[in-house]
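Please look at the sequence and the fold together, and keep both in view while the paragraphs below lead from one part of the chain to the whole and back again.

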Amino acid sequence: MTKTLVKAPFKADHVGSFLRTAPLKEARTAYANGEIDKDALKAVEDKEIEKLVQKQIETGLKSITDGEFRRSWWHLDFLSGIEGVEEFETEYISQFKGAKTKNKAIRVVGKVNFNHHYMLEHFTFLKEAVEKYGDGSQVAKFSIPSPNMLFTRIQEDSYYEGNREQFYNDTVAAYQKAIQAFYDAGCRYLQLDDTSWIDFVSEERITAVVEKLGMDVQDIIDTRVSCLNDAISKKPADMLITMHICRGNFRSTYITSGGYDNISDAIFANLNVDGLFLEYDDNRSGDFEPLKNFTRNDQTVVLGLITSKFAKLEDTETIKERIKEASQYIPLENLSLSPQCGFASTEEGNELTEEEQWNKINHVIKIAQDVWKNN
C-alpha cells in the first residue's frame, strides 16, 4: 500500500498556539487554587479544545491544532515530561523586552530517555476531534520543542557531568523514540519549535554563546544542525516534520533582533526538515537575502509576515509585495504564509483579543487565496 504524504505546510498555515479562552483560564486558576480536581480541569480543556477545533475548521484552516490549551509553556511542559528531565523554580530573570516570565526552568536529573509521554494522549484527543468535526481535508498538527531546546539549555555539569557526547546521543535517541511514538498515535504533521537559532542573529548573541560553550561559532551551528537532523533521521516517509524559528514571543514582546544571515546555509541548505516557519513580521527579522541559500524543491518556506503580537491588520498589498520579493529567491510554489509565531506561546497570551486573533487568521487565509489562486 502506498503511503500518502500530507500536503503541508498549507498555503495559509499557522504556528499553533491560540489565546486561552475565559472558561479555560477560570478552570486553570480554580485548579491551581485547589478548588477543582484534575478530572474537572481536563473536562473543561476537552470542551474548549473541541470548540477551538471547530472554529479553526469553520475559519478555513487546514492544519488544526489544540491551541496548546493544556500547556503553560510552549516548551517546558513537553521537556519536563521526558525521562531524566524535571521542571523547577529558578531565579531566572526574563530576557524579554519589557515583560517578565514566571521563574520556571528545566534541568537534567537522570538519563534522558523517552518512554510514554502524557502529550501523546493530547495528540490523540486532537486527532479524534479533527476527524469528528472535519471533512477529511484537514490534518491534526502537533508542536513540540526541538531537541536543541533540551540539548542547548541544560547545563552540562548536571547529571551528565560534562559528558557532552553522551548527553547528545541520549537526546537524539529520545527524540527518535518520541517522533515514532507520535507517528504510531497517528501524527503525520509534526512541528519542532526551535528558538536556539536566535544565538546567531546578532554579534552580541554570538559572542555570548561562544563564551558560554567555549566552541567555535561554526561548530556550534553545525552541532545544532546535526542534533535536529539526527533526531528526525528515522522518521517514517509519510510523516511531515517542519521547524519554526522566532526571536521570542511573550505577551507581545521579544528577546532579540537580527536577520538569518549567519545561519542561512544551516537552515536553508543543511536542515532536512520538510518546511521552515520563519519570523518575518517586522524589520527585526532582517531581509530576504538569506533565502538565496534555499536549495530544496521539496521543501516549503512559510513566511511569517503577519504578526501575532498586535491587533492591527497589515496592509494586504504590502504583504503581497513582500511575498513577491521573497519569490525572487524561492519559487512561489515553495512559499506559504502564516503569522510569525503563535498567539500564546505561554498561557498568558499576547496583547490582543480573541476576535482580533481570528481577524489575523482570516487575513492570512484571504491573502494566501489571492496569491496562490491556482494552488
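Strand S8, helix H10 (residues 316-326) and strand S9 form a right-handed β-α-β unit, where right-handed means that, with the strands pointing away from the viewer, the path from the first strand over the helix to the second runs clockwise. Helices (H or I, at least four residues) and strands (E, at least two) are DSSP runs numbered from the N terminus. This is a predicted model, in which local features need pLDDT of at least 70 and side-chain atom pairs count only at pLDDT 80 or more, while totals for chains, interfaces and linings use all residues. Residues are numbered from 1 along each chain as its sequence is written, and side-chain values use heavy atoms, with hydrogens and water left out.

Within this unit, S8 (residues 300-306) and S9 run parallel and are joined by four bridges; two strands pair if DSSP finds at least two bridges between them. Val301 stands opposite Leu335 of S9, and Ile306 has Pro339 as its bridge partner in S9. All five residues of S9 (residues 335-339) are buried, that is, under 20% relative accessible area, with exposed being over 50% and partly exposed in between (1.4 Å probe, protein chains only).

The two strands belong to an open sheet of seven strands with parallel pairing, in the order S1-S4-S5-S6-S7-S8-S9. Strand S1 (63-64) and S9 are at its edges and have a single partner strand each, so one side of each lacks a neighbour in the sheet.

Helix H6 (residues 164-184) lies across strand S4 (139-145), strand S5 (189-193) and strand S6 (240-245), and runs at about 165° to S4; axes are lines fitted to C-alpha atoms, for helices over the stretch in contact, and angles run from 0 to 180 degrees between N-to-C directions. The buried residues of helix H4 (residues 119-133), among them Phe123, Phe125 and Leu126, pack against helix H2 (38-59), S1, helix H3 (76-79), S4 and H6.

In the chain as a whole there are eleven helices and nine strands, and 58% of the 375 residues count as buried. Of the contacts (heavy atoms within 4.5 Å) between residues at least 6 apart in sequence, 79% join residues at least 24 apart.

Technical notes:
The expected span of a helix is 1.5 Å times one less than its number of residues.
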